[in-house]
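Please walk through this protein model with me, one part at a time. Keep the structure open and find each residue as it comes up.

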Amino acid sequence: SFQKTQLEEMSSPKFLLKSSKEASLRTFLKNDWMTSFHDVEAIGDMMISEQVANGQVYKNRTATTIGRQAITELVSENAAIVKEYSDLLGIPFNLYCENQRRWAETEAVREREFEGNEAVKKFAIKYRSDSVEGNKILMAKFSLAMKRMLWIVRTSNDPWNPFKRWLFPSTTDTLYRRILFAPNYYFNDHADACYESTLGKERDKITQEETRRKEKEREMTEALLRVGDAIVPYDESALEDFEDDDPERTDDEILIGWKSENDGNSESDNDNNGEQKFNSKDTESVTLESKSIGSEWDQFDDTDFGENDDSDPDAWAKKFMWSEGEHFVQSFESVVIVSLQSTMEGKLLLTTQNVYFHQTEDALDVFTKQPVKRDDESPRQDLQWKLSRLTDIHGRRYMLKAQGLELFFADMKGLFLKFGGMKERDAFFSKLTSNCKAPLLRPMKSLNPRTVFKKTKLTDMWRKRKISNFQYLMMLNLMAGRTFNDVTQYPVFPWVLCDYTSETLNLSDHRIYRDLSKPVGALNPDRLAQLIERYNDLDGFVSEEEKFLYGSHYSSPGVVLHYLVRQEPYTSMHIALQSGRFDCADRMFHDVAGCWDSCMTSTSDVKELTPEFFTCPEMFINTNDFPLGQTQSKIPISNVKLPPWAKESPHEFIRIHRLALESEYVSNNLHHWIDLIFGYKQRGPAAAANHNVFHYLSYEGSVDLDKISDEVTRQATESHIQNFGQTPSQLMVKDPHPPRSRVEDDGPLLEKNLQALRCHTPAKQFGGSRNAEANGPVISLHALGEYIFAIYSDLSFCSYKIHFIRGVVPFTFKAEKTRHIISRKGSRSLSAVWHALNVEDDIPFEADSTSKEAVSLGLGNSSFAISLGGSAKLSGSAVNSADSSYLLLSCGYFDNCLKVQTLDSSSLRYNQNGGHRGQINCLQV
């Protein structure tokens, strides 16, 4: 009906009239006269062109407004049409809305709305209850997670929890002790290496292997008898002549990491503030595609440089970022990196600031000489070491030949390099010390162990009880060629006790100690008689140089692995040495007392100890639950049985054992043992007189492998050298080692010269009643030449000059100047310190209260140090300039910073608080 009504209205005369008028207007607007207008006037919603008559005045004649009226009518009619059309369109929508309103007011819709509201309320209530329950469950899970996290933290901090495995680290601490273990991420329980599991089905196979091994050992033994001309006779005078005495080298230029007495007042031979001299004329520049401005380095992938240039033999070094000014020095072929478990051959590249290594051959196991298993897709290693962190260099032997070097870095990592010969080794050493930048490396001119030992003041420090017995023995081992990187030259320590059965030990009783003047093989007279008889029976069968009293050695790979089998990597090495399995349980190290008894009775057991017997209780505990088997008496082997006086505690054993090493008896007799191992009793007539003769192939320089032409004989000789022990380098050839001074001879100053002690108080001292610039007692005192620097408890820094006057007092003090450590540019103020310390004190910060500051901070003598900071040098016992060339280092500040200030003006040079955790309370330079 609506459409019908619309059609009737459109056919009416009124609509047709409107249509005819509209058509005439459209025709009028389309003609040329209308379309060629140039301007339009907007009046309200109407747009009127300039051609429309709108009352314009032209030649004093006014036009009509008919055109404007027509347009106005047209606009009004158009608006009416639009309104009418819009109303017609709105009618259906209005009808739809009305119908919806009427439908919504029906009873059925009201019921549906009620049901929907009720359902929404129910879901809302359920959602709220579920949310509460969900929060409870979430909180419970969170609580359990926190408890589990605490358990994880506790177990992760427990080094021997069953979920975490550990191994001996490759580095030591500054005293060369390996006391901190490293995580073992590639743990192997070695369940298939159990001795019992290899019996039964595999008994025949193992028997055949042992038969073949014994046959091979017999052939090698026969081959050793054919060494002949390769034997080098022992010549004591030749060893003396070989020592590289350098008259120009001062006693303070020592190679070891320990300081001599006068290190603080010694003058460095280096120019340029301690850096090694560098001659750019002796180097050759290397052009790299990438350069680095900083000193840090990184390694790039091969794709970053494209294909390697086959024409450049050192192209592999381009994977590293070189430092600015770094130049090529020299390259060395066929260099071997010797580590505890393997050897790795490659090319060594030496630059002015780094050492680079490119692996060219597969790594070989030290025992099996077979390639170490690795992922076939993994590339061979390219390594780098920074010379800026190099601190020490020691000459090393490899297969009894002086062809190795061991480099020690600031992080105590050691790098054992074996060269093709002594000539190549010396060339590397010469280039490194003359052409490279190693600021931490001491000036050094020799690698000969005897020369190095002779130039040090280590013995004098030990005699005056400035270092411990353990420290001294460790340093003797390092200077004599012993290293943790070569199991064939492992550090050796003595048995010090002989009582492993008593319930308690009295360390002042000399009867509990072993006789250190005799080797282990000579401690039992009955056994020694048998050994001497066998030694005399060798006359006529072998030459005088080949005669030996002991067939085994006191330090060998078997001895080291025998002691340390319970901890990796020595467990894996022990299994490799025993042809893929653990040794028989009866032969393994399971009882300290039993081990000592074996060393006292067996003619083939004369072994000494390792450093771990005095530092590492974990070596006695089977923390990894390795299947060590059981003895023939059906006693399972796990932890080592300790003496009764250890109270079944490995830590107590280490504590008492270390106290025994530092005891007065050992201190007074240790020099005898040093003579046997490192001194004049090691070789020659003195060794024979003291029953200290071992197989000739264990001594340095006893055989020249290059003169052995027969390959079988050469292999047999090398196998004997590697597996049956090597004697350390002889440090003292003629003179006996001096004994240690007794306590009463070298006691503290107050005990030694109490009657001759003179106390002196300066008449005019900073901090006195007339001078309030410094307050409180002296907490730190430093003597430099003729000057004494005192730091008071209020952190004021004062200097005094000593005047020596005869006849009055030993000396007098002259007060020079005072200044305060805290600079205006410093990191703290007095109020900030007290606020940070939460000091509950209402005393205001006046001059009288500042003396509490040092006490509150916990400062003491160890909180300050003085270091040489300029190019000025010491002249005799006096300082050329009072303090202009020295720097004062201080710590203990609340913001964990370390301050460096000049002594002359107290100006702040550095204020660093990064790189460490927490507050620094002690420092040493």
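Start with the whole chain. This is a predicted model. The protein chain has 925 residues, and 41% of them count as buried. It holds 22 helices and 24 strands. Its accessible surface comes to about 51500 Å². Carbon and sulfur atoms make up 52% of that surface. Now look at the contacts between residues with a separation of 6 or more. Of these, 62% link residues 24 or more positions apart.

How confident is the predictor in each part? The average pLDDT of the protein chain is 77, and 70% of the residues score at least 70. Among the elements, helix α17, residues 664–677, has the highest mean pLDDT, at 96. Strand β21, residues 878–879, has the lowest, at 35. Over residues 747–754 the pLDDT is below 50. Beyond near neighbours in sequence, that stretch has six contacts in the model. Residues 870–884 also stay under 50. For them the model has 27 contacts beyond four places in sequence.

Next, go inside. In soluble globular proteins, nonpolar side chains tend to be buried together. In this model the largest nonpolar core has 88 residues. Which members touch the most others? They are Tyr563 and Phe620. Helix α11, residues 469–479, gives the most to this core, with eight residues.

Phe620 is then in contact with several residues, among them Phe589, Val592, Phe613 and Leu642. Its partners also include Arg566 and Asn639. Further along the chain, Pro650, Phe653 and Ile654 are in contact with Phe620 as well.

Now turn to strands β7 and β8. Strand β7 covers residues 328–338, and strand β8 covers residues 342–351. The two pair in the antiparallel sense over eight bridges. A hairpin of three residues joins β7 to β8. To see the pairing, find Phe332: its bridge partner in β8 is Leu348. Strand β7 is also joined to strand β14, residues 414–418, by three bridges. This pair runs antiparallel too. Here Ile337 has Leu417 in β14 as its bridge partner.

Strand β16 spans residues 787–792, and six of its six residues are buried. Which way do its residues point? Tyr787, Phe789 and Ile791 point one way, while Ile788, Ala790 and Tyr792 point the other way. In a regular strand the side chains alternate between the two faces of the sheet. In β16, the residues pointing either way are all buried.

What pairs with β16? Strand β15, residues 778–784, pairs with β16 in the antiparallel sense over six bridges. Strand β17, residues 796–803, pairs with β16 in the antiparallel sense over five bridges. Ala790 shows both pairings. It stands opposite Leu781 of β15, and it also stands opposite Cys798 in β17. Strands β16 and β17 form a hairpin with three residues between them. In that turn, Leu795 has a positive phi of about 65 degrees.

Finish with two loop residues. Is Ser698 buried or exposed? Ser698 lies in the loop between α18 and α19. Its relative accessible area is 2%, under the 20% cut-off, so Ser698 counts as buried. Its side chain reaches the backbone oxygen of His695 at 2.7 Å. Leaving aside neighbours within four places in sequence, Ser698 is in contact with Leu400, His553, Gly725, Gln726 and Thr727.

The other residue is Lys547, in the loop between α12 and α13. Its relative accessible area is 7%, so Lys547 is buried by the under 20% rule. Where does its side chain find a polar partner? A polar contact of 2.4 Å joins the side chains of Lys547 and Asp539. Not counting residues up to four places away in sequence, Lys547 also touches Tyr535, Leu538, Val542, Val693 and Phe694.

Key. Residues numbered from 1 in each chain as written. Predicted model: local features only at pLDDT ≥ 70, side-chain atom pairs only at ≥ 80, totals over all residues. Heavy atoms only, no water. Core = buried A, V, L, I, M, F, W, Y, C linked by side-chain atoms within 4.5 Å. Buried < 20%, exposed > 50% of the residue type's maximum accessible area, 1.4 Å probe, protein only. Helix = DSSP H or I, 4+ residues; strand = E, 2+ residues; numbered from the N terminus. Contact = heavy atoms within 4.5 Å. Pairing = 2+ DSSP bridges. Areas by Shrake-Rupley, 256 points an atom, 1.4 Å probe, with all protein chains shown as cover. pLDDT = per-residue confidence, 0-100. Polar contact = N/O pair within 3.5 Å; in protein donor to acceptor, adjacent residues only side chain to side chain.
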